Amino acid sequence: MAKKLYIKTYGCQMNVYDSERMADILSPLGYELTSSPEEADLAILNTCHIREKAEQKMYSDLGRLKDHRKNQDGKKEPMIIAVGGCVAQAEGAEIMRQAPFVDMVFGPQTYHRLPEMIARATRAADKKTGKGRGVVETDFPMESKFDALPQTEISRAAAFLTVQEGCDKFCSYCVVPYTRGAEFSRPVREILEEARHLVQLGTKEITLLGQNVNAYHGEALNGSGEWGLGRLARELGEIQGLERIRYITSHPSDMTEELIEAHRDVPQLMPYLHLPIQAGSNRVLEAMNRKHTRESYLAIMERLREARPDIALASDFIVGFPGETDAEFRETLDIVEKVRYAQAYSFKYSIRPGTPAGVMENQVPEAVKAERLQELQALLNQHQHEFNTQTINKTVRVLLERKGRLEGQLMGRSPYMQSVAVFAPERLLGQIVDVEIKEAHPNSIAGTILTTEIASAA
Ligand code: SAH
Ligand code: SF4
Ligand code: F3S
């Protein structure tokens with residue numbers, strides 16, 4: 001009988017990609033995905049360590065899994081409870097001290113060893129109680145997990161493809177360099193193979209992923225030298241049937257001329273760029289160890305707009321970094337006014353163990369952080385709404401990805417990453433259609449599908 005696999009994913013898109021690869025690896029062992037944790041034979045929490053909240057969430061979810069396992073009484077082998085991802089990497093065996101019922105802990109670079117870990121855990125265990133399973137794998141292995149990944153059979157209109165992992169930037173607030181390890185890039189050949197396979201499965205849009213995706217420098221196609229992300233995007237643009245290319249997340253100091261020119265020359269490269277600035281004050285940026293200034297950032301924005309005038313811009317922000325004064329926070333608001341983002345993610349600074357900023361003395365009080373976040377988000381939301389309003393009465397190309405909340409409604413993305421709602425027949429799922437926009441909301445737009453498209457797609 002098939003075994004049931006439950007995976008819950010926290011954090012960034014790279015974890016989403018990893019969770020799907022875990023399902024791919026476990027499928028030959030007879031594991032089938034389920035969305036009900038109570039029936040799972042193996043439950044994996046693929047965790048995120050970026051802010052304290054993400055970690056707390058994991059511990060409360062773990063408690064629930066323990067209860068589900070209790071309710072499975074009478075099962076031949078009790079559920080295996082596993083913690084993967086970035087909390088696993090950061091805390092390792094400590095998780096088993098906090099939650100002794102956890103059977104396996106494995107970091108983000110080791111999940112290709114899951115079959116072997118499961119075998120080890122079950123061999124060691126008392127069949128009836130599951131006692132003695134304890135497996136911890138948090139080293140950074142010499143071999144690449146990508147070498148061992150089978151080709152996916154999961155078909156998606158819009159798919160993720162990890163091209164780069166890890167980070168050498170060491171921003172003073174951030175755990176990623178510790179949880180994901182040193183920066184590395186997959187070879188171009190491997191990426192093209194995976195992209196072609198996805199397109200064969202029906203994928204129309206690929207988002208290239210990396211913690212520092214524009215630092216990509218993978219082995220060139222002919223094996224000599226390295227290619228950057230701009231060159232890779234050009235090559236992907238040659239794949240028949242691949243209609244959209246995106247990439248996240250970029251760092252300002254890796255925004256090369258080659259990549260900016262790709263935005264001018266590669267029509268499949270979507271006019272959207274997520275380029276986090278984090279803060280608007282140069283003093284704060286330096287304390288964050290960001291390696292860019294507000295001026296160098298604004299200069300990149302200008303060059304991008306020259307290369308691709310309709311490009312939509314997005315960013316991440318941290319408010320209340322240690323020592324941030326009110327005047328420095330105003331400089332963040334000023335940057336927002338200057339750039340006018342189409343989309344943004346903003347966070348209160350969260351102390352992370354083991355990072356330099358975590359031990360800085362001048363921590364900003366919680367109430368001040370909350371106030372600043374509210375003010376920033378009000379401005380960002382206003383701009384986002386304005387950006388959405390500009391698309392009213394325009395026709396935008398939309399890749400229809402999933403069903404909406406309402407009967408007969410489908411949801412998709414515009415080239416600018418806006419979420420678009422439209423009433424359309426279900427058979428158009430996975431297709432790119434023209435939609436005339438009629439309504440703009442802060443977080444989405446809605447419109448009517450142009451009839452000619454229905455006729456031509458029928
Ligand atoms: N690699 C990407 C982002 C990684 S984390 C980059 O360099 O831009 C995603 C976002 O989480 C960051 O951009 C930052 O805004 C936020 N973040 C990271 N560490 C944080 C912390 N300690 N507290 C609050 N927000 C944080
Ligand atoms: Fe974290 Fe900075 Fe690396 Fe982004 S660039 S992952 S924020 S250390
Ligand atoms: Fe979180 Fe790890 Fe991604 S810390 S944001 S899951 S790289």
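In describing what surrounds a ligand, Ala, Val, Leu, Ile, Met, Phe, Trp, Tyr, Cys and Pro are counted as nonpolar, Asp, Glu, Lys and Arg as charged, and the others, Gly among them, as polar. With this division in hand, the shell around ligand 2 in the predicted model comprises 7 nonpolar, 2 polar and 2 charged residues. The residues in question are C167, K169, F170, C171, Y173, C174, V176, P177, N212, H251 and R290. Most residues other than glycine have a negative phi, and most peptide bonds are trans. F170 sits in the loop between β8 (164–165) and α6 (176–179). A cis peptide bond is also present, running from I248 to T249 with omega near -10 degrees. T249 belongs to the loop between β13 (244–248) and α9.

On the scale of the whole chain, the assignment gives domain 1 (3–137), domain 2 (151–270) and domain 3 (395–457). The centres of domain 1 and domain 3, taken over C-alpha atoms, are separated by 37 Å.

Helix α8 (residues 229–236) packs against helix α9 (residues 257–265) at an angle of about 25 degrees, and their axes are 7 Å apart. Because angles under 35 degrees count as roughly parallel, α8 and α9 are described as roughly parallel to each other. From α8, the residues L229, G230, R231 and R234 take part, and they meet E258, L259, E261, A262 and D265 in α9. This contact of α8 with α9 divides into 3 nonpolar, 1 polar and 5 charged residues.

Helix α9 also has a contact with helix α11 (residues 294–307): the two axes come within 8 Å and cross at roughly 30 degrees. Here E257, I260, H263 and R264 of α9 meet R303, L304 and A307 of α11. By class, the contact of α9 with α11 contains 3 nonpolar, 1 polar and 3 charged residues.

A further helix pair is formed by α12 (residues 326–339) and α13 (residues 366–389), which pack at an angle of about 10 degrees with their axes 10 Å apart. With an angle of that size, α12 and α13 are therefore roughly parallel to each other. On the α12 side the contact is made by D326, F329, R330, T332, L333, V336 and E337, and on the α13 side by R372, E375, L376, L379, L380 and H383. The contact of α12 with α13 is made up of 6 nonpolar, 2 polar and 5 charged residues.

Finally, a search of the whole structure for aromatic pairs finds 6 of them. In the pair of F146 and F184, the ring centres are 6.2 Å apart and the planes meet at 55 degrees, so the pair is tilted. These two residues link distant parts of the chain, being 38 residues apart: F146 is in the loop between β6 (135–137) and β7 (158–162), whereas F184 is in strand β9 (residues 184–185).

Note on methods:
Residues are numbered from 1 along each chain as its sequence is written. Chains are lettered from A and ligands numbered from 1 in the order in which they are written. This is a predicted model: local features need pLDDT of at least 70, side-chain atom pairs count only at pLDDT 80 or more; totals for chains, interfaces and linings use all residues. Side-chain values use heavy atoms; hydrogens and water are left out. Axes are lines fitted to C-alpha atoms, for helices over the stretch in contact, and angles run from 0 to 180 degrees between N-to-C directions. Helices (H or I, at least four residues) and strands (E, at least two) are DSSP runs, numbered from the N terminus. Angles under 35 degrees count as roughly parallel, over 145 as roughly antiparallel, 65 to 115 as roughly perpendicular and the rest as oblique. Contact means heavy atoms within 4.5 Å. Domain bounds come from an automatic or database domain assignment. Rings of Phe, Tyr and Trp (its six-membered ring) pair if their centres lie within 6.5 Å; planes under 30 degrees apart count as stacked, over 60 as edge-to-face and the rest as tilted. A residue is near a molecule or strand if one of its heavy atoms lies within 4 Å of it.
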